[in-house]
Amino acid sequence: MQRIKKNAEAVEKQVAQSLIKANRQKSEVQIIVVTKSVSVDDTQAIAALGYHHLAENRPEGLQLKQEAVTDPAIVWHYIGSLQTRKVKQVINKIDYLHSLDRWSLAKEIEKRADHVIRCFLQVNVTGEESKSGLRPEETEQFLSDLQSFNNIEVIGLMTMAPKEADEEALHKTFRSLKQLQETLKQKAFSNAPCTELSMGMSQDYPIAIEEGATFVRIGTAFFEE
Ligand SMILES: *Cc1c(COP(=O)(O)O)cnc(C)c1O
């Protein structure tokens, strides 16, 4: 599909520019294509272009896309809040969870997972009331408590920047997540290597890459008209 291909070229160009600006390598940033708002056809089209990291934010959407896109090379990401009662339905079908944000969810994952689940702790960096995520000051204790769990590996931190943030505020938000990630990594908790940063969406991924994102989650920029 011409539209998606053109969009993908524009994203690649922007990613390349941001990498140069930050003096980083292409291999350091994994693009995740967020397919939550698009059809099965569009999802198949993006996979056919070689994008193998796909993200959904609802159990129904995940199931629909997984039934349609059966290439074993696809790596499935779950983003957005996950209700505890839905854990059973999704947890063994995904490769990464980006929204570990509370103890009750961790407990349910520990109980239902049949293998180690790679998770990002979702952090509410700016403290917005409306947003889910742990407060930065809660994260260290949370990781310490998680050490008794066998099925959860915290590979890093995830955040969503405020929609209305200007460039300076975005830099600040992403930079503080990076600082927190480095602090937590140094604690060397047994099941939390905490080396990764999931940050940056269509609106703000260039800034996130400049600030050290290792996974960017991009939807609209791939699929818009
Ligand atoms: C929808 C969503 C994205 C992608 O947003 P776009 O603005 O479409 O790029 C990324 N992360 C999360 C958690 C989302 O819910």
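This report describes salt bridges in a predicted model.

Side chains of opposite charge can pair when their charged atoms come close. Counting a side-chain nitrogen of Lys or Arg within 4 Å of a carboxyl oxygen of Asp or Glu, the model has 15 salt bridges. Three of them are listed below.

| Salt bridge | N to O distance |
|---|---|
| Arg-3 and Glu-225 | 3.8 Å |
| Arg-135 and Glu-137 | 3.0 Å |
| Glu-211 and Arg-175 | 2.8 Å |

**Arg-3 and Glu-225.** The closest N and O atoms of Arg-3 and Glu-225 are 3.8 Å apart.

**Glu-211 and Arg-175.** These side chains meet with an N to O distance of 2.8 Å. Glu-211 lies in the loop between helix 8 (205–210) and strand 8 (215–218), and Arg-175 lies in helix 7 (residues 167–187); the pair links distant parts of the chain, 36 residues apart. Glu-211 is buried, because its relative accessible area is 12% and the class requires under 20%. Arg-175, at 42%, is partly exposed.

**Arg-135 and Glu-137.** In this salt bridge the closest N and O atoms are 3.0 Å apart. Arg-135 is partly exposed at 44% relative accessibility, whereas Glu-137 is exposed at 59%.

Methods
Residues are numbered from 1 along each chain as its sequence is written. This is a predicted model: local features need pLDDT of at least 70, side-chain atom pairs count only at pLDDT 80 or more; totals for chains, interfaces and linings use all residues. Side-chain values use heavy atoms; hydrogens and water are left out. Buried means under 20% relative accessible area, exposed over 50%, partly exposed in between (1.4 Å probe, protein chains only). Helices (H or I, at least four residues) and strands (E, at least two) are DSSP runs, numbered from the N terminus.
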